[in-house]
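I opened my notebook and went through this one chain by chain. Here is what I looked up, in the order I did it.

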Amino acid sequence: MTTVLLLLLLAVGAYLVAVLEDWTVSGRFRLTAPVLAGIALLGRESIVPRKPDRIFFEVAPFLLLISAILAAAVVPLTPDLIITDMATGALFINAALVYVLVALLMAGWGPDGAYAMIGGWRFLGQLIAYAMLIVMPITAVVMRAESLLTTQVVVSQAGVWNIIYQPLGFILFFIAAMALAFLPPFDLTTSKGELAGGVEAEYAGVRLAVFRLGRLALIITLAAATVIFYLGGWQGPLLPPWAWSTIKILAVTTIMLLAGRYMPRIREADLLAWCWMLGIPLALLNILLVGVLVLVFP
Amino acid sequence: MSMLEQYGLLLGLIVGTVGFVLSLFVLARIVGKTRQEPGKDVPATAGQLSRDPVWVRYHARYYGYALLFLAFDMEMAYMYPWAVVYKQVGLVALLDMGVFLAILFLGLLYGWSQGALRRQ
């Protein structure tokens, strides 16, 4: 029952992401636009390129959606509203989200098209940049919570939210989450301008619809993960827990979508340099700082 | 829920997602069929087949980072269990992992000094 409810909420969340993204791009708030776009995509022909690696080509959209849904399964909205509260929850989010890379590489390799291929390889470079900045801040969060249970992570923030306790970790995780969801300014893997859509280039019709749905689910899942790791999850005064979760997740999503619109796009080579020369030293410093803080103020 | 039930539920989610996507495919098939027409299946390369094969060896110009990434990724496997018991063990845990991370960080600095952190 909870599972069905949460999957419905995930679908609603993905829909709202589509509306918000449309709003940040076009400046118009159209609640019906994603429905129309979805119907249009279902009605279009889904062409398969002439010599594809058929298995990779077909599996990639499935895998993107599955990885987003599996990650969402361990994210709690209230203490009880969670699909499965795994003992390894915080680690499981990482494990599930790594398959985003696999899906995008398969989508790049599969269709045997030059643009898709370049897009896929770009994302591999992007993974090497952002991956450490996802796992290292989460380690610092787990150190404070003393547990990998995602619900326990939220409970550990009862006094002070992690965004205040470890602001450095929050900034790194937020940027890495945007890179993981290939949102602008890290969207060179699906860039419209010079790759004709990158890994999306060879997909059309229903396959593209599934691919885009997976991306939307990924964005809302990452926003929810940011909320439970850093913004105190369901905690807050006056309003009930579910309301706080909703407000925070939608706020984080909006910031994620808006932030990239006002920045130049970052090539994967530059992102690698920034992440390894600045990001990872900062992430290690964050672990050290939190380590001292946890011992001094238990 | 027991561990096994939790993994069963996750497996169920995977199967359910596959079923959902397949039902979307069926829906699209009911709406209309893809017509086979010449030239339609050319990959998006300005309407012509690309001159060179696409599946070639690709120069991963970030291989220096990739090697460092392997080292750091292995290290993270040790970090998670350490992070869970960190508060119980206390200062000893901080020092233990501090030495480990310091060595790893020195490795990063060494790689940096040798020019691993650039597009080759």
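How many Å separate the centres of domain 1 of chain B and domain 2 of chain B? I took the centres over C-alpha atoms and got 38 Å.

**Ground rules.** I kept in mind that this is a predicted model, where local features need pLDDT of at least 70, side-chain atom pairs count only at pLDDT 80 or more, and totals for chains, interfaces and linings use all residues. Residues are numbered from 1 along each chain as its sequence is written, while chains are lettered from A and ligands numbered from 1 in the order in which they are written.

**Chain B, layout.** I noted the domain assignment as domain 1 (1–32) and domain 2 (61–120); such bounds come from an automatic or database domain assignment. For secondary structure I counted three helices and zero strands in chain B, with helices (H or I, at least four residues) and strands (E, at least two) being DSSP runs numbered from the N terminus. Along the sequence I read the pattern as α-α-α.

**Chain B, dimensions.** Along the principal axes, the C-alpha atoms of chain B fill a box of roughly 70 × 50 × 15 Å. Of its 120 residues, 16% count as buried (20 or more other C-beta atoms within 10 Å of a residue's own; exposed means 12 or fewer, partly exposed in between, with C-beta atoms placed from the backbone).

**Where the chains meet.** I counted 48 residues of chain B in contact with 54 residues of chain A (contact means C-beta atoms, placed from the backbone, within 7 Å). Helix 1 (3–31), helix 2 (63–89) and helix 3 (91–113) of chain B each supply at least two residues of the side that touches chain A. Helix 1 of chain B gives the largest share, 13 residues.

**The core.** Which residues have the most contacts inside the largest nonpolar core? I found A:Leu133 and A:Ala217, in a core of 135 residues (buried Ala, Val, Leu, Ile, Met, Phe, Trp, Tyr and Cys residues joined through C-beta atoms within 7 Å). Helix 5 (residues 114–145) of chain A brings the largest share, 22 residues. Domain 1 and domain 2 of chain B both give residues to this core, so it lies between them. Leaving aside neighbours within four places in sequence, I listed the contacts of A:Ala217, among them A:Leu10, A:Leu65 and A:Ile69.

I stopped at a cis peptide bond joining A:Pro184 and A:Pro185, with omega about 5°. A:Pro185 sits in the loop between helix 8 (167–180) and helix 9 (192–195) of chain A. I also noted A:Asp112, not a glycine, with a positive phi near 60°. A:Asp112 belongs to the loop between helix 4 (89–109) and helix 5 of chain A, and is buried, with 20 other C-beta atoms within 10 Å. A:Glu146 has a positive phi of about 60° too, in the loop between helix 5 and helix 6 (150–155) of chain A. With 17 C-beta neighbours inside 10 Å, A:Glu146 counts as partly exposed.

Notes: Two residues are in contact if their C-beta atoms, placed from the backbone, lie within 7 Å.
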